[in-house]
Amino acid sequence: MKLTNHIKQHRARLDLTQQDLAERVGVRRQTILAVEKGKYVPSALLAFQIARELGMRVDELFELDKEGER
Amino acid sequence: MMSHAMGRKLPSIDWIALGIGVVGLVLSRVQSPGFGSWLGLLGLAVFGPPLLRELGWLQDEDEYVRNIRWRAGFHAAMFAGVAIFLNWVARGFYINHPEALHQKLWLFPMNDLRQNLVVIYLVSFLIQYWGAPRGVFRILLGMAGVLVLDFGMGLAQGGNRFGTMLLPALGFMALFLGFMLAGAWLARRRPQFAGRMILALAVALVVLQALALRTLPPAEETMGWLGMVLGMVSSLISVGMVFAILGGSLLKSEGSDESEE
């Protein structure tokens, strides 16, 4: 199963850099990069923090890919 | 709860650790050729801050960094397992050379094993933290710097006799250095190609070392000879393994550089 996300698009919509978002949620930029790239699945706590900063719900920001739903 | 911001800069303790590590690395090369006892400072630098974090005395890392730190530790532990296994595989050699056992001349002496654990942990952590292209680029530049420092110290400390002995190796070192710098440059631009090139370099090191071993006269199997053979095989595995990790991580990476904003 793979978790995809739309962080990059919503971050761009708000004109936030990875560094800006990282500072807002209290993590390093590499962490945001790894989550965006799908290399790291964040904890529920971090997922909620990111979603809150981007003004989204967690289920709008993260979703299981089509393959994962089968 | 991650309540404080961790900006682009490293926390101050990591800067202190980096300073201690660099001093330890330089002193280990300057004080004695090869890994000297000063490398202990590198161990302190690499494992000191994580130890404080693991004990909960330092709470400045986020969940992703903790995750890759644990993975790097796991990789180091796997290496230790492989090294112990290789010592067991080499038992036939020790049966034929029981004097090596008496002198505790192991394929992976404990000192080498400890130093390799530090190196594997560090390489694994940095590649995961920076991403393969940027990580390999910086690690190869660091290794090239250590190589130049080693060679320079050898020439400076050894006097004319040692210097004359090292001069024939100058061509080989220049070639090796050229490969490392080319690998570093390509790692961020063409990671797949650089990965294959670095893996080829790892294989070439194995072949060259094997050829060097074949040139040793078997009739002179003294303790010095045994120590040299085991030392060569051990360093070959260590250096070859680091290159294999660097090359393999580049082959697995996606894109030319993972550090986009």
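Analyst: A salt bridge is a side-chain nitrogen of Lys or Arg within 4 Å of a carboxyl oxygen of Asp or Glu. This is a predicted model: local features need pLDDT of at least 70, side-chain atom pairs count only at pLDDT 80 or more, and totals for chains, interfaces and linings use all residues. Residues are numbered from 1 along each chain as its sequence is written, chains are lettered from A and ligands numbered from 1 in the order in which they are written, and side-chain values use heavy atoms, with hydrogens and water left out.

Start with B:Arg53. Its side chain meets that of B:Asp60 in a salt bridge, 2.6 Å from N to O. B:Arg53 also forms a salt bridge with B:Asp14, at 3.1 Å, N to O. Helices here are DSSP runs (H or I, at least four residues), numbered from the N terminus.

Now the burial. Buried means under 20% relative accessible area, with a 1.4 Å probe and protein chains only. B:Arg53 has 11% relative accessibility, so it counts as buried. B:Asp14 is at 15%, and therefore buried too. B:Asp60 is buried, with a relative accessible area of 12%.

The network reaches chain A. A:Arg28, B:Asp14, B:Arg53 and B:Asp60 are linked by salt bridges. Over all chains, a search of the whole structure finds 10 salt bridges. Side chains of opposite charge can pair when their charged atoms come close.

Another pair is B:Arg69 with B:Glu61. Their closest N and O atoms are 2.5 Å apart, in a salt bridge. B:Glu61 lies in the loop between H2 and helix H3 (63–89) of chain B. B:Arg69 counts as buried because its relative accessibility is 8%. B:Glu61 is buried as well, at 10%.

Next, the core. A nonpolar core is a set of buried Ala, Val, Leu, Ile, Met, Phe, Trp, Tyr and Cys residues joined through side-chain atoms within 4.5 Å. The largest one has 62 residues, and A:Ile50, B:Phe243 and B:Leu246 touch the most other members. Helix H6 (residues 110–130) of chain B gives the largest share of this core, nine residues. Take B:Leu246. Contact means heavy atoms within 4.5 Å. Not counting residues up to four places away in sequence, B:Leu246 touches B:Val123, B:Ile127, B:Val136, B:Ile139, B:Leu140, B:Met143 and B:Ile198.

How values were computed. Buried < 20%, exposed > 50% of the residue type's maximum accessible area, 1.4 Å probe, protein only. Helix = DSSP H or I, 4+ residues; strand = E, 2+ residues; numbered from the N terminus.
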